[in-house]
Amino acid sequence: MKTICELLNIDYPIFQGGMAWVATHSIAAAVSNAGGLGIIAAGHAPADWVRNEIRACKEKTNKPFGVNVMLLSPYVEEVMQVILEEKVPVVTTGAGNPGKYMEALKAASIKVIPVVPSVALAKRMERCGADAVIAEGCESGGHIGELTTMALVPQVVDAVSIPVIAAGGIADGRGMAAAFMLGASGVQIGTRFLVAEECNIPASYKERVIKASDIDAVVTGRPTGHPVRSLRNSLTRSFQKLEKEGASVEELEKHGTGALKRAVIDGDVQNGSVLAGQISGLIKKEQTAEEIIEDLMSGVKERLGLQVEGINA
Ligand code: TUI
């Protein structure tokens with residue numbers, strides 16, 4: 001089996017998470033230029049916005065990059081069309097089953113790497129032609145599944161024969177080494193790239209991540225069927241109150257409307273949804289994407305030396 005670096009033509013087995021509203025061409029191009037796989041998040045954005053971001057990314061890097069498609073987006077069909085037209089090298093997907101798009105993406109030689117929260121979905125994705133899967137544990141920020149990274153990754157590794165990328169709770173060389181020990185072929189990292197210099201979110205958002213403690217990343221929205229992990233603030237407290245009072249799904253969904261944009265665009269980290277993972281407490285400073293990748297690679301090499309395929313590319 002090819003290593004993930006050989007498969008995608010990248011130097012290091014590090015994906016930057018496709019964080020909605022956050023992951024624009026700026027951070028994606030910086031991560032790709034540093035040898036990882038930068039990923040633009042399509043989120044809930046219209047197709048024209050995605051096309052502009054793809055073109056801006058191509059201006060800034062000649063290296064492979066990806067687009068993450070949030071399958072709950074109302075624009076998913078048009079966004080997939082743009083990805084095909086622009087011949088984006090890699091597509092990752094989240095929050096659903098991308099099966100119906102697989103044939104067209106594969107026919108365009110686009111590598112397809114779905115995020116999976118379970119063994120069953122990982123197997124289904126392998127059967128319909130996925131090139132790899134991202135097994136994302138519930139330590140992650142944003143929309144999450146049930147299983148932890150520690151439990152999910154080895155079970156997915158045993159169930160499929162395509163490469164498995166571990167995500168959720170990984171932010172340094174130790175976490176990366178642990179992921180390789182579980183059988184992963186690479187890692188996807190979101191939270192640490194939130195505080196990258198090239199990540200153009202408000203300073204208030206980065207400061208909130210940097211000052212987060214180990215227990216600050218909480219889950220709200222379980223009753224809606226869309227649990228979301230974000231950093232404790234006025235919004236998470238009001239959500240928890242509504243949930244305790246038995247608010248309806250409609251009320252809870254209404255309460256969450258526009259909350260991510262409030263944090264990422266307006267910088268309102270009290271009333272907005274500050275999506276971030278459980279590993280936030282480990283993150284202490286802003287650095288360039290290149291410094292983050294160098295730190296991850298030196299940390300993992302220090303621990304695993306030459307043992308793991310793909311890390312010495
Ligand atoms: O998608 C994410 N993280 C996200 S998406 C997001 S924006 C958002 N919009 C509306 C509601 C909630 C969030 C913020 N963060 N991560 C990847 C991920 N995918 N986590 C879990 C899943 C997942 C869940 C179910 C993937 C597939 C799936 O399949 C269900 C099925 O159809 O079989």
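**Salt bridges in a predicted model**

Modeller: R51 and E85 join their side chains in a salt bridge, 2.8 Å from N to O. The cut-off is a side-chain nitrogen of Lys or Arg within 4 Å of a carboxyl oxygen of Asp or Glu.

Colleague: Which helices do R51 and E85 lie in?

Modeller: R51 lies in helix α3 (residues 47–60) and E85 in helix α4 (residues 76–86), so the pair ties together parts 34 residues apart in sequence. Helices are DSSP runs of H or I, at least four residues; strands are E, at least two; both are numbered from the N terminus.

Colleague: What are the ground rules here?

Modeller: This is a predicted model: local features need pLDDT of at least 70, side-chain atom pairs count only at pLDDT 80 or more, and totals for chains, interfaces and linings use all residues. Residues are numbered from 1 along each chain as its sequence is written, and side-chain values use heavy atoms, without hydrogens and water.

Colleague: Back to E85. Which residues are linked with E85 in a network?

Modeller: Salt bridges link R51, R55, K58, E85 and E86 in a network.

Colleague: How many salt bridges are in the whole structure?

Modeller: The search finds 13. One joins D216 and R232, at 3.3 Å, N to O.

Colleague: Is D216 buried or exposed?

Modeller: D216 is buried, at 12% relative accessible area. R232 is partly exposed, at 33%. Buried means under 20%, exposed over 50%, partly exposed in between (1.4 Å probe, protein chains only).

Colleague: And what about K241 and E245?

Modeller: Their side chains meet in a salt bridge too, 3.2 Å from N to O. Both K241 and E245 are exposed.
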